[in-house]
Amino acid sequence: MEYKHIIFEVSEGVGIVTMNRPEALNALNLEVVAELDDLFSRIDSDPEVKVAVITGAGRSFIAGADIEEMGRLTGDEGREMVLKGHHLMSTIENNRKPVIAAINGYSLGGGNELAMSCDFRIASEKAKFGQPEVGLGIIPGYGGTQRLPRLVGKGMAKKLILCAETIDAQEALRIGLVDKVVAPEELMDTVMGLARKICAMAPIAIDVAKSAINSGLQCDLKTGLRIETESFYRAFASEDRVEGMHAFVEKRPAKFRNK
Ligand code: COA
């Protein structure tokens, strides 16, 4: 697939996805949703990419779903749109590669929902966050009613969604919506530092640890521990486990398989 609205480059194992519709503050139209879904599926199986980063060109991360486009959709088409959005968010959330959101500016509506599907959220001091949908007569439809309360708690999620409140980066940090806030000029260095740290780890261990955490959060502790046992076994049975342990004993850096 050719990408009209996103730029993709790979640098030393890190796949950098840049939203590139700055004229619409990187709003998510149906075309870019399809492009992102295609790209993140490719990233999932690309041995050259160990960690993915998503950021926005210009002054916005993603200012939500494309309101102009949504205004032209029928009710049924709106439902289809939500299903496509859910598919994309799940492609990101369940990606075998960790995904870091480098939130450079507006993270609103569907943009904030996309950020919440990522494994880490690092924000610029200039970023702004919110779920403004109720002011447009709709509700968050790319997972926001479900992921936001799981991340920040029921009361705070209701405050953000029902009052359509926009908050700054420090408040987003305080409520646990983002993991770290940095000066705008430090954003990409901080994100790349985190990405490189993960790149040095065993890819299979990263993959199964991520999926054990995600799957375990959907079920009770007993089931979660069963998931952990099977996940542990997958890592333990791998060549990377042998290499990682031998490297430690031999006091040398581990050479993990690039998968
Ligand atoms: N969908 C479509 N276009 C959007 C958009 C969106 N979600 N958000 C911004 N844009 C467009 C604007 O229409 C404008 O286009 P134009 O230059 O052709 O008029 C351009 O991006 C710049 O936005 P503008 O509103 O002029 O910038 P601003 O700095 O005054 O305000 C925001 C920035 C983010 C506060 C404002 O654009 C906004 O409220 N956007 C909508 C956010 C939203 O409700 N998202 C959830 C959608 S479900």
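Which polar backbone atom is 2.9 Å from a nitrogen atom of the ligand? The polar backbone atom belongs to Ile67.

1. Basis of the note. The model is predicted; local features need pLDDT of at least 70, side-chain atom pairs count only at pLDDT 80 or more, and totals for chains, interfaces and linings use all residues. Residues are numbered from 1 along each chain as its sequence is written, and side-chain values use heavy atoms, with hydrogens and water left out.

2. Backbone atoms at the ligand. A backbone N or O atom of Ala63 lies 2.8 Å from a nitrogen atom of the ligand. For a backbone N or O atom of Ala65, the distance to a ligand nitrogen atom is 2.9 Å. Of the 860 Å² of accessible area that the ligand has on its own, the protein covers 56% (Shrake-Rupley method, 1.4 Å probe).

3. The surrounding shell. The ligand is surrounded by 16 residues, the closest being Glu23, Arg59, Ala63, Ala65 and Ile67 (a heavy atom within 4 Å). The shell comprises eleven nonpolar, one polar and four charged residues; Ala, Val, Leu, Ile, Met, Phe, Trp, Tyr, Cys and Pro count as nonpolar, Asp, Glu, Lys and Arg as charged, and the others, Gly among them, as polar.

4. The chain as a whole. The C-alpha atoms of the protein chain fill a box of roughly 60 × 40 × 35 Å, taken along the principal axes. Buried residues amount to 45% of the 259 in the protein chain (under 20% relative accessible area, 1.4 Å probe, protein chains only). The protein chain exposes about 13400 Å², of which carbon and sulfur atoms supply 56%.

Technical notes
A polar contact is a pair of N or O atoms within 3.5 Å; within protein, one must be able to donate a hydrogen and the other to accept it, and residues adjacent in sequence count only if both atoms are side-chain atoms. Buried means under 20% relative accessible area, exposed over 50%, partly exposed in between (1.4 Å probe, protein chains only).
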